[in-house]
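The following report describes one protein chain for a reader who is new to structural analysis. Please keep the sequence and the structure in view while reading.

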Amino acid sequence: MSLLREVVDIVNENQSVDIRKNLQKLGGKIKCFQDKVRSYVTNKYVDFLPELEQFELYYADCENLLTESDNLLRTIEDKVQMKAATEELHRYREDFEEVAQGLRVTHKILRIDQIFKDINVAKSKQGHLAVMELICELRNLIQDPTDNIFKQLNCYENIKIRYHLENESMLHSLKLKFESLVQLKEKTFQNIKCVTVKITKNEQELQEIITALASEKYSSRKMCEFLMENVFKPVIRKPVSVEMDDVNDPEFVCLQLSYCSKELEDEDLRPNYKVIFEHIRTIFSCLKQMNIPTADGESVFEILREYMKDKFMKLLISECLDYSIPDNMIDMNDSSLVTDITEFHEFLQEILFLTPDNRELLEYAEKIELLFRNRFFRNILDNAVDIMRKDLHDMILVAEKLGAAESGDSGLTIFPSCMVSKSTMELISLMERVLKEISGSEEKVGQGLLSTISIILDRYLTEMPTFHAKLLLNIPQQTALFHNNCMYLAFWITKNQSKGIETVCVMVKSLQHLGSEQFLNQIKNQRAQLMEILKGFDLSDAVSELGLEPPKVVRQCLRQLDLLKNVWQTILPDVVYNKTMGNLINEFCNELIRRVLSVDDLPTPVANGLVDLFNTVYSRAPGIFQDPREINVAVKNWLKFQQLTMILGGSLAEISENWANGKGPLTLNFKAEEIKHLIRALFQNTSRRAMTLNSIV
């Protein structure tokens with residue numbers, strides 16, 4: 001057994017000696033090779049000296065040395081695993097592993113150098129994909145996270161810089177090539193903008209470029225922004241001429257658009273949604289020439305979707321579909337909008353511009369009925385408000401009779417002849433069209449339309465006195481017309497109460513109250529003006545004659561009443577006009593009577609002047625009414641005013657005769673104390689005056 005052990009030990013020792021020799025020999029060859037490569041790399045990537053020697057065999061030599069070192073390391077590893085290695089062999093193995101690691105770094109550097117050369121060759125042959133693949137390999141070698149030795153070499157930074165230069169050069173070259181294959185141009189001539197999109201028919205070359213760009217994660221934002229701003233946005237928002245030509249040019253498919261560069265001012269020029277859909281289909285028909293799948297299986301339209309879909313859909317809905325909802329029931333019933341939107345959605349899905357999860361268009365189509373109702377009702381209300389805000393002074397004559405069947409009682413309800421604003425007739429015409437729409441509509445729509453009429457009338461109650469506030473306060477004509485408008489609307493509601501208008505009774509009372517309130521405020525305003533003028537009717541200083549001021553004041557009041565006559569007589573119903581003017585004249589006469597009765601001394605010249613002045617009132621005031629005799633009915637104290645004039649110009653006998661011991665006509669309007677006061681003011685203190693005063697009881 002000892003002899004056999006000795007033989008095995010001798011064999012192992014001989015093998016270990018052979019391994020050591022091989023390690024020393026191969027290590028020497030590697031170091032010598034590394035020195036040559038180091039000198040080459042230093043000259044090229046550190047000192048940037050010209051290449052004076054040929055190093056084509058370096059890479060092959062390195063491959064051979066790597067193979068030898070790997071084989072030798074496996075042999076050593078086998079020895080180590082057999083536990084037959086000496087401590088010295090372990091040390092040799094560790095030393096050689098360091099040498100082998102350095103050799104691998106040398107191999108990487110030589111491979112990088114070879115890639116740079118291959119890139120130049122690929123560039124000369126226009127091999128865009130080949131350049132891209134080489135750049136990718138170069139990136140993996142330089143950015144290898146497991147290799148920390150290479151990153152510490154002097155040449156690393158310069159190699160990395162050259163890699164970045166080559167990468168940028170490749171991207172720039174690909175971009176220029178893509179822009180030559182897909183040409184996007186726009187020009188403006190005065191107010192006309194022309195946009196041209198040309199896409200090559202060479203699909204193979206285009207696919208190579210697009211695949212390369214997609215692999216490099218090249219941003220297509222610039223192209224998407226151009227298409228969005230210069231193609232899709234104008235097509236959706238304004239009239240555009242769109243022409244596609246895929247025949248005349250053998251190299252390119254051409255799309256041309258022309259449109260006004262100014263913003264659309266006239267909404268009537270906004271294109272129909274069907275025209276917009278057709279234009280968009282034409283645009284995508286041209287763009288599909290570049291809809292090529294990339295290496296990841298993603299198409300160009302899917303890339304466009306990522307950048308454009310949200311803006312495109314928002315613009316399409318807000319600037320096209322929202323304007324395409326019909327304005328009335330007839331158009332809505334004839335509309336194919338829902339079907340057209342659904343088909344357009346399917347088209348966008350087919351070209352992969354939309355995913356199955358993108359349901360914006362379908363959801364919008366499902367809401368068309370609701371959107372139409374809301375828009376229809378809103379348009380009606382908006383139209384009504386626009387009518388309400390029109391000038392009131394444009395007027396028209398109306399007069400109607402409401403039969404027993406309509407009024408709900410046994411007689412005839414008559415709306416008197418008067419003027420109303422044309423805007424009121426427009427508003428009534430609008431509401432009558434709404435009532436007609438109800439007959440052929442669904443129950444929900446019908447209820448909504450009836451509610452809309454109530455909303456219009458409610459809005460009238462708040463909009464009119466607010467929007468026309470200044471005119472209603474300061475212009476009597478406007479107030480009279482507004483009074484008539486409210487009354488006529490109340491009459492119209494009553495006439496149509498059988499058609500289901502909500503809160504008829506409340507609405508009628510509210511309109512009547514509003515019209516009366518505004519007109520009453522104007523009457524108060526006119527009365528206040530008359531009273532303000534009559535403040536100048538002061539008899540306290542009149543001694544020898546009446547003076548100039550009282551006649552001036554009375555004439556001014558009569559002019560004021562004449563102005564109201566000119567404004568109101570042709571506008572208000574006769575009954576309202578007579579009552580209103582009668583009240584104002586009555587207030588005027590009452591104030592004159594009060595001021596005369598308040599004076600303690602009325603000399604004969606002053607009394608005669610008052611008689612002449614009051615005769616002027618007596619002659620002019622009846623002319624304010626269409627029938628002068630109406631003044632006797634409309635002005636409550638007209639007789640009293642006449643009697644005062646008689647007293648001022650009469651004798652004691654005439655006064656006593658008209659009093660007739662409390663049974664004469666003066667007793668209808670005057671009290672005994674008032675007659676006594678006038679006698680004392682008009683006549684001197686004589687026995688005859690005393691007798692007359694004693695008879696006034």
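A residue is called buried when its relative accessible area is under 20%, exposed when it is over 50%, and partly exposed in between; the calculation uses a 1.4 Å probe and protein chains only. By this rule N661 counts as exposed, because its relative accessibility is 60%.

**Basis of the report**

This is a predicted model, in which local features need pLDDT of at least 70, side-chain atom pairs count only at pLDDT 80 or more, and totals for chains, interfaces and linings use all residues. Residues are numbered from 1 along each chain as its sequence is written, and side-chain values use heavy atoms, with hydrogens and water left out.

**Confidence and overall content**

The predictor's confidence in each residue is called pLDDT and runs from 0 to 100. Its mean over the chain is 80, and 80% of the residues reach 70 or more. For residues 1–17 the pLDDT is below 50, and this stretch has 4 contacts in the model beyond near neighbours in sequence; a contact means heavy atoms within 4.5 Å. Residues 407–411 also have pLDDT under 50, with 8 contacts beyond four places in sequence. Where pLDDT is low, the predicted coordinates should not be read in detail.

The chain has 697 residues, of which 46% count as buried. It contains 27 helices and 6 strands. These elements are DSSP runs numbered from the N terminus: helices are H or I with at least four residues, and strands are E with at least two. Among contacts with a separation of 6 or more, 74% join residues 24 or more positions apart.

**The sheet and its helices**

Two strands are said to pair if DSSP finds at least two bridges between them.

Strand 1 and strand 2 (residues 192–200) run antiparallel and are joined by 8 bridges. In this pairing T188 stands opposite K193, and K187 has C194 as its bridge partner. The two strands form a hairpin with 2 residues between them, and Q190 in the turn has a positive phi of about 55°. On to strand 4: 9 bridges join strand 2 to strand 4, again antiparallel, and V197 stands opposite L255.

**Two helix pairs**

Two packed helices are described by the angle between their axes and the distance between the axes. Axes are lines fitted to C-alpha atoms, for helices over the stretch in contact, and angles run from 0 to 180 degrees between N-to-C directions.

| Helix pair | Axes come within | Crossing angle |
|---|---|---|
| Helix 8 (residues 273–287) and helix 11 (residues 337–350) | 11 Å | roughly 10° |
| Helix 26 (residues 672–682) and helix 27 (residues 687–695) | 10 Å | roughly 170° |

Helix 26 is therefore roughly antiparallel to helix 27. Angles under 35 degrees count as roughly parallel, over 145 as roughly antiparallel, 65 to 115 as roughly perpendicular, and the rest as oblique. K676, I679 and R680 of helix 26 make the contact with R689, T692 and L693 of helix 27. These residues divide into 2 nonpolar, 1 polar and 3 charged. Ala, Val, Leu, Ile, Met, Phe, Trp, Tyr, Cys and Pro count as nonpolar, Asp, Glu, Lys and Arg as charged, and the others, Gly among them, as polar.

For helix 8 and helix 11, the residues of the contact divide into 9 nonpolar, no polar and 4 charged.

**Individual residues**

Most residues other than glycine have a negative phi. In the loop between helix 25 (652–659) and helix 26 lies A660, whose phi is near 50°, a positive value. A660 is partly exposed, because its relative accessible area is 30%. N661 is found in the loop between helix 25 and helix 26, and its phi is positive at about 55°.

N566 belongs to helix 20 (residues 549–568) and counts as exposed, at 55% relative accessibility. N566 and Q477 are 89 residues apart in sequence and 9.5 Å apart in space, C-alpha to C-alpha.
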